[in-house]
Amino acid sequence: MAVVNEDIASIFNKVAAFYEIKGENPFKVRAYRNAARTIQNLGTNIVDMLSQGQDLKELPGIGKDLEHDIREIVATGRLKKLENLERSIPPALIELLAIEGLGPKKVKALHERLNITSLDDLKEAAKSGAIEALPGFGKKSVEQILKGIMLAKKEGRRFRWAIAELYANDLLDYLGRIKGIENLVVAGSFRRKKDTVGDLDILATAKNWDVITEHFVRFDKVKFVVSKGSTRSTIVLKNDLQVDLRSVAVENYGSALSYFTGSKAHNIAVRKIAVERGLKINEYGVFKGERRIAGKTEEEVYGSIGLPYIEPELREDRGEIEAAGTGRLPRLIELRDLKGDLHCHTTYTDGKNTLEEMARASLELGHEYIAITDHSKRLTVARGLDEKRLRQQIEEIDRLNQKIKGLTILKGIEVDILEDGTLDLPDSVLKELDLVVGAIHYKFKLSREAQTKRMIKAMDNPYLNILAHPTGRLIGERESYEVNIEEVLDAARERGCFLELNSQPDRLDLNDVNCRLAKEMGIKISISTDAHNTFSLNYQRYGINQARRGWLEKADVVNARGLDELKYILKRR
Ligand code: DGT
Ligand code: CA
Ligand code: CA
């Protein structure tokens with residue numbers, strides 16, 4: 001049974017919680033919790049990293065001991081340390097520990113004095129007044145506990161697309177091996193490549209449906225089975241991701257796929273057109289009165305209402321149906337259109353691979369060029385480059401460009417945008433570079449006005465080519481900063497500046513909607529990885545997903561140009 005990141009994270013979270021209840025050193029508790037978070041958000045399988053011989057200690061917060069634990073989990077699926085801890089504490093207490101406002105001391109007290117071992121016990125005791133009567137608890141903490149219970153039970157957690165993909169691939173692999181499966185596909189927001197997904201909607205056609213269902217509910221990452229039926233089953237995975245599996249008849253496959261791909265708004269708009277044409281569309285097909293006229297493929301379904309096939313990424317009812325009707329659908333950018341990467345880091349700053357390793361990995365991906373854009377000096381935690389070290393890097397790039405054939409390494413920098421909008425390095429150095437990427441790494445909380453001004457001021461510098469991760473969001477962790485994005489886009493267009501679509505799975509910034517806006521305003525986008533190691537040079541595919549959702553075509557993308565053309569457009573003014 002393959003261990004996934006979520007298994008490791010979940011074990012570490014448990015260790016942290018048990019330590020906490022036992023009153024262990026808070027340092028140890030934090031170390032495990034941080035490690036769990038790092039692993040959960042990784043977007044790369046730890047098992048793959050190990051099999052590729054990568055050093056886990058390069059990951060933030062993973063030291064020698066934690067690496068040792070991870071290797072134990074990967075090798076055995078278990079952690080002895082946790083099992084020893086588990087024997088010493090009632091496991092139900094962990095659930096209580098997750099309630100906001102309930103620390104380990106209180107959980108212990110509730111358990112010992114009121115014998116509370118579940119959320120339901122807790123709720124009952126809170127309502128009956130039993131908790132309020134305990135020393136150390138009052139009206140306020142009871143209120144807080146009740147709110148905490150609600151939060152704990154609240155659904156609505158969403159998963160980054162890249163995380164969902166790990167599980168989706170696993171499931172497809174697993175189900176795909178069953179004899180009798182015909183079609184098998186993940187529909188829903190996953191197929192539309194939305195940046196986050198609420199759950200996975202798997203659609204399958206098969207003759208022996210019972211066998212499939214039995215296999216499905218026995219998937220090794222199942223936490224619990226919600227329902228098991230003849231046409232639909234639902235499970236919740238260990239990481240709390242819900243998965244629906246639906247069976248459809250093979251002749252309905254197209255209409256079911258189109259229905260369950262959504263979005264709901266798109267479906268509604270499609271059905272409206274059907275009604276205008278005297279047709280009815282549902283998951284079972286397209287009907288004219290009682291007669292079924294289409295439904296085997298999605299092309300058939302769209303064709304029945306006079307439309308060409310619409311790519312799933314566009315199905316958000318954002319004008320795609322009108323565009324399809326008038327033959328104006330975009331020809332969406334594809335991964336293979338990208339000729340290089342314009343944002344990455346090396347061991348000169350906080351990258352994990354050397355300049356040469358990054359270059360060779362890029363060559364291997366079939367790139368024509370890669371721009372090295374390490375951090376600038378203000379970012380001291382990343383050992384940002386000052387003039388002197390940047391010049392050393394430039395020299396190394398010159399040497400490597402002689403040595404490595406078939407790839408051009410471009411000289412760049414990810415220069416910090418200072419609080420007043422000036423750049424962290426003088427123009428005299430910037431002008432020697434092939435391109436300058438500018439980014440904000442501090443003072444995220446400026447007023448909307450000040451932040452907008454800061455970015456525009458940065459673009460006033462004629463050497464700034466690309467504004468990196470322009471809104472600063474971290475999916476599920478940090479909102480975008482307050483900024484007037486229309487004003488920033490306007491200023492970018494006036495100044496001949498480009499914006500980045502950062503492909504890190506937790507950034508995807510600009511997002512789909514803003515990419516579309518940029519395109520409509522005539523601003524070009526750089527789909528780059530911000531890779532800090534050779535592996536994440538592969539992340540461009542996540543950026544491509546969002547670019548496609550943002551209607552981008554080849555012509556809208558800076559790094560879909562060949563080297564000569566790129567160099568030409570990088571010369572501002
Ligand atoms: P999610 O899971 O929140 O990321 O978003 P979706 O789009 O995957 O939504 P989900 O899982 O609730 O449903 C999957 C698809 O099923 C959805 O995209 C369209 C279709 N669907 C679900 N409910 C309805 C509905 O009430 N009406 C219509 N027309 N379609 C629906
Ligand atoms: Ca879904
Ligand atoms: Ca669903």
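## Close-up views of the predicted model

**View 1. S263 sits in the loop between α13 and α14 (264-276).** In this predicted model, local features need a pLDDT of at least 70, side-chain atom pairs count only at pLDDT 80 or more, and totals for chains, interfaces and linings use all residues, while side-chain values use heavy atoms, with hydrogens and water left out. Residues are numbered from 1 along each chain as its sequence is written, and chains are lettered from A and ligands numbered from 1 in the order in which they are written. Helices (H or I, at least four residues) and strands (E, at least two) are DSSP runs, numbered from the N terminus. The peptide bond that leads from G262 into S263 is cis, with an omega near -5 degrees. A cis peptide bond also joins D509 and L510, where omega is about 5 degrees, and L510 belongs to the loop between β16 and α22 (512-520).

**View 2. The calcium ion (ligand 2) and the calcium ion (ligand 3) are 3.9 Å apart, and D199 coordinates both.** Donors are N, O and S atoms within 2.8 Å of the metal (3.2 Å for Na, K and Ca), and because water is not among the atoms, sites may look incomplete. D201 counts as buried because its relative accessibility is 13%, where buried means under 20% relative accessible area, exposed over 50%, and partly exposed in between (1.4 Å probe, protein chains only).

**View 3. The open sheet β2-β4-β7-β6-β5 consists of five strands with mixed pairing.** The strands β2 (181-186) and β5 (222-228) stand at its edges, and because each has a single partner strand, one side of each is left without a neighbour in the sheet. Neighbouring strands of this sheet are turned by 20 degrees against each other on average, direction ignored, with axes taken as lines fitted to C-alpha atoms, for helices over the stretch in contact, and angles running from 0 to 180 degrees between N-to-C directions. Five bridges join β2 to β4 in the antiparallel sense, and V185 has L203 in β4 as its bridge partner. Helix α10 (residues 161-176) packs on the sheet, touching β2, β4, β6 and β7, and its direction makes about 175 degrees with that of β2. Helix α13 (residues 253-261) also packs on the sheet, touching β2, β4 and β7, with a direction at about 175 degrees to that of β4; contact here means heavy atoms within 4.5 Å.

**View 4. Strand β7 (residues 242-247) is mostly covered, with five of its six residues buried.** Two strands count as paired if DSSP finds at least two bridges between them. Strand β4 (residues 199-206) pairs with β7 in the parallel sense over six bridges, and D201 stands opposite D244 in β7. Strand β6 (residues 232-237) pairs with β7 in the antiparallel sense over five bridges, and here S233 stands opposite L245. The strands β6 and β7 form a hairpin with four residues between them, and D240 in the turn has a positive phi of about 75 degrees.

**View 5. Seven strands form an open sheet with parallel pairing, in the order β11-β12-β13-β14-β15-β16-β17.** The edge strands, each pairing on one side only, are β11 (340-341) and β17 (525-528). Strand β16 (residues 498-502) is joined to β17 by four bridges, and the partner of E500 in β17 is S526. Helix α18 (residues 387-403) lies across β12 (369-375) and β13 (408-416), running at about 160 degrees to β13.
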